[in-house]
Amino acid sequence: NDIGAEGMKELCAASSHLSSLTTLDLQNNELRDDSVESLVLFIKQCPLENLDLSNGDGTIENKFSYDGAQLLMQRADSIRPGMKLIMPRSATTTVIPPISSRSITTVNPPTSTTTVNPPTSTTTVNP
């Protein structure tokens, strides 16, 4: 597909003619953080129940940063409660359940903690 940010803007412009659209599959379209505002506008204008932004087996992928995915999920939650939003695993590592039944749930990126204890030594000197 490869619609990218510019194609998403054009899709938004046509959204007034899509008043009965409930499912939109935008897998493998090279959408990135610069597409978030257009996606939010599209969600406002269409009665979507399902929006799939995941990546299938294609060579072209949607690549949202973790922050971009969080922003999109939060904005979608406030606009269209109950909509099922599926994000690329690279952005959230999870499929988001219907929004109305939860607050936004994501898997945070892994963090690592290293604790280093300095070696202890005791020297006793007898006079």
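Helices (H or I, at least four residues) and strands (E, at least two) are DSSP runs, numbered from the N terminus. This report applies these terms to a predicted model, in which local features need pLDDT of at least 70, side-chain atom pairs count only at pLDDT 80 or more, and totals for chains, interfaces and linings use all residues. Residues are numbered from 1 along each chain as its sequence is written, and side-chain values use heavy atoms, with hydrogens and water left out.

## Overall layout

The chain contains four helices and three strands. Along the sequence they follow the pattern α-β-α-β-α-β-α. Of the 127 residues, 35% count as buried, where buried means under 20% relative accessible area, exposed over 50% and partly exposed in between (1.4 Å probe, protein chains only). A contact means heavy atoms within 4.5 Å. Among the contacts in the chain with a separation of 6 or more, 71% are accounted for by residues 24 or more positions apart.

## Helix α1

Helix α1 spans residues 4-13, and its buried residues are Gly4, Ala5, Gly7, Met8 and Cys12. These residues lie on the same side of α1 because they cover an arc of only 160° around the axis; the arc is that of the directions from the helix axis to the C-beta atoms. An α-helix has 3.6 residues a turn, so residues three or four places apart point the same way. The other side of α1 carries the exposed residues Glu6, Glu10 and Ala13. For Ala13, the relative accessible area is 61%. The C-alpha atom of Ala13 is separated by 9.6 Å from that of Leu41, although the two residues are 28 residues apart along the chain. The cover over the buried residues of α1 includes α2 (36-45).

## Helix α2 and its neighbours

In α2, the residues Val36, Ser38, Leu39, Val40, Phe42 and Ile43 are buried. The buried residues of this helix pack against α1, β1, β2 (50-52) and α3. Two packed helices are described by the angle between their axes and the distance between the axes. Axes are lines fitted to C-alpha atoms, for helices over the stretch in contact, and angles run from 0 to 180 degrees between N-to-C directions. A crossing is left-handed if the near helix is turned anticlockwise from the far one by less than a right angle, and right-handed if clockwise. The table gives the values for two helix pairs.

| Helix pair | Angle between axes | Distance between axes | Crossing |
|---|---|---|---|
| α1 and α2 | about 20° | 9 Å | left-handed |
| α2 and α3 | about 15° | 10 Å | right-handed |

The angle of about 20° between α1 and α2 makes α1 roughly parallel to α2. The helices α2 and α3 are likewise roughly parallel to each other. Angles under 35 degrees count as roughly parallel, over 145 as roughly antiparallel, 65 to 115 as roughly perpendicular and the rest as oblique.

Where α1 meets α2, the residues Met8, Lys9, Leu11 and Cys12 of α1 are in contact with Ser38, Leu39, Leu41, Phe42 and Gln45 of α2. Towards α3, the α2 residues Val36, Glu37, Leu39, Val40, Ile43 and Lys44 meet Gly68, Leu71, Leu72, Arg75, Ala76 and Ile79.

## The nonpolar core

A nonpolar core is a set of buried Ala, Val, Leu, Ile, Met, Phe, Trp, Tyr and Cys residues joined through side-chain atoms within 4.5 Å. The largest such core has 22 residues, and those with the most contacts inside it are Leu51 and Leu53. Helices α1, α2 and α3 (66-79) each supply at least two residues of this core. The helix α2 gives the most to the core, with five residues. Leaving aside residues up to four places away in sequence, Leu51 touches Leu24, Leu26, Ile43, Met83, Lys84, Leu85 and Ile86.

Leu85 belongs to strand β3 (residues 84-86). This residue counts as buried, at 0% relative accessibility. The C-alpha atoms of Leu85 and Leu48 are separated by 9.7 Å, with the two residues 37 residues apart along the chain.

## The loop between β1 and α2

The loop between β1 (23-25) and α2 contains Asn28, and Glu30 lies in this loop as well. Asn28 has a positive phi of about 55° although it is not a glycine. Glu30, also not a glycine, has a positive phi of about 55°. Asn28 is buried, with a relative accessible area of 15%, whereas Glu30 counts as partly exposed at 33% relative accessibility.
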